[in-house]
Amino acid sequence: MGIAVRLERRIAAPLATRIAVPVVAVACGLLAGGIVMALGGHDPIQAYFAMWQGSLGSTEGLQSTLIKATPLVLTGLAVATALRVGLWNIGGEGQLIMGAIAATGVGLYATGLPGALLLIAMILAGAAGGAVWAAIAAIPRALIGLNEIIVTLFMNYIAILFMDHLIYGPWGDPKAFGFAYSRALPAAATLPLIPGTGVHVGLLLAILAALATWWLIERTPWGFSVRVSGGNPRTAEYLGLKIARRMVVVLAISGAIAGLAGAIELTGVTNRLQEGISVNYGYTGVLIAFLARGRLLAVVLAAFLFATLVVGSYALQTTGVAQPIATIIQALIIVFLLAGDAALAFRLRITRTTTLAEAAAAPSLP
């Protein structure tokens, strides 16, 4: 007898399994991270307690986690939205930066607007900047099939260099020394805080964006046509759906969401355009969308989990754990989560097979 091992796609995992697998995955990741810390001469219990306190176990930590989660929700949502029409938007980083640039331009040159209108104009400009930047990649994809992954990826670097030109050149603050950033924005160009907290209202905007995008894609006839275009292009063509047009519109919406993240970071965190306004938020959004399996509302939970790991790793370093070890622990937890996601999607099937010798020796039927 031989043994055959193959993977089979699950039709649907039971609810208890869908709840248990992520919990077990996080526990395994923490256990593996504890082993890494112990090998490095650190106390895992003390380190994990500091990680908990720094991310969720204190008011300040929770607020920091929510602030960090805000751009991650939006960049993850941008990737997940594009996936609904079968496109991979790897340009969230550049779209976020272009959104921040557009919002900065309004903040610097539209100072005659009243405070509330100035802030609204900056937010809208940020979304428009991201949408235009994404549309530049969407149009050649729709017209001649140019790979959107390559185009959106390389456009990230163009956006970064354009930002550097602005903050080192025409928009640069003459008082800056050793670190480049733009001139200060008006005081009115600052997002207010949620009452009673230290978290800006950008968090609410991110959640509203997730709900609005989910409703548009999942609950409207147009959204159904988008899902058909992305899931089964032949059926979409048979139904007379204009796939190219939907590609451009959806990728522009995806870019607008990422651009909104840039405007929120500008008006809620940095208050001026500067290097590092995006700490790889756009690239992290790809991972978040993957963890959420492309589900739009699940992106919010995946982004919060990732923000917890990021903020917790900062606190971890206060216990003496080196930054590379903190990054390794963060990566281990994510790897186990991805493995758990694969376990939910597939099952391992082991079957016995008959060898040629056994088949030849088997008695034949009369």
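Me: Which residues does L193 touch, not counting residues up to four places away in sequence?
Reply: This is a predicted model, in which local features need pLDDT of at least 70 and side-chain atom pairs count only at pLDDT 80 or more, while totals for chains, interfaces and linings use all residues. Residues are numbered from 1 along each chain as its sequence is written, and side-chain values use heavy atoms, with hydrogens and water left out. Contact means heavy atoms within 4.5 Å. With residues up to four places away in sequence set aside, L193 touches G198, V199, H200 and V201.

Me: Is L193 buried, partly exposed or exposed?
Reply: Buried means under 20% relative accessible area, exposed over 50%, and partly exposed in between, using a 1.4 Å probe and protein chains only. L193 is placed in the loop between α6 and α7. Its relative accessibility is 49%, so L193 counts as partly exposed.

Me: How many helices and strands does the secondary structure of the protein come to?
Reply: Helices (H or I, at least four residues) and strands (E, at least two) are DSSP runs, numbered from the N terminus. On that basis, the protein has 14 helices and two strands.

Me: What percentage of the residues in the protein is buried?
Reply: The protein has 366 residues. Its C-alpha atoms fill a box of roughly 100 × 65 × 35 Å along the principal axes. The buried share of the residues is 45%.

Me: At what angle do the axes of α3 and α11 cross?
Reply: Two packed helices are described by the angle between their axes and the distance between the axes. Axes are lines fitted to C-alpha atoms, for helices over the stretch in contact, and angles run from 0 to 180 degrees between N-to-C directions. The axes of α3 (residues 59-83) and α11 (residues 281-291) come within 7 Å, and their crossing angle is roughly 65 degrees.

Me: Which word describes the orientation of α3 to α11?
Reply: Angles under 35 degrees count as roughly parallel, over 145 as roughly antiparallel, 65 to 115 as roughly perpendicular and the rest as oblique. The crossing is at roughly 65 degrees, so α3 is, relative to α11, roughly perpendicular.

Me: How many nonpolar, polar and charged residues does the contact of α3 with α11 have?
Reply: Ala, Val, Leu, Ile, Met, Phe, Trp, Tyr, Cys and Pro count as nonpolar, Asp, Glu, Lys and Arg as charged, and the others, Gly among them, as polar. In α3 the residues are K68, P71, L72, T75, G76, V79 and A80, and they meet Y281, G282, T284, G285, V286, I288 and A289 in α11. By class, that contact has eight nonpolar, five polar and one charged.

Me: Which residues of α3 does α2 meet?
Reply: The axes of α2 (residues 44-55) and α3 come within 5 Å and cross at roughly 70 degrees. That makes α2 roughly perpendicular to α3. From α2, the residues Q53, G54 and S55 take part, and in α3 they meet G61, L62 and T65.

Me: Why does the pair of Y109 and W171 count as tilted?
Reply: Rings of Phe, Tyr and Trp (its six-membered ring) pair if their centres lie within 6.5 Å; planes under 30 degrees apart count as stacked, over 60 as edge-to-face and the rest as tilted. The structure holds three aromatic pairs. In the pair of Y109 and W171, the ring centres are 6.2 Å apart and the planes are at 55 degrees, so the pair is tilted.

Me: How many residues apart in sequence are the parts that Y109 and W171 tie together?
Reply: Y109 is exposed at 56% relative accessibility, whereas W171 is buried at 9%. Y109 lies in α4 (residues 92-109) and W171 in the loop between α6 and α7 (202-218), so the parts they tie together have a sequence separation, in residues, of 62.

Me: Is I167 buried or exposed?
Reply: I167 is found in α6 (residues 148-168). Among its contacts beyond four places in sequence are A180, Y181 and L273. The relative accessible area of I167 is 3%, so I167 is buried.
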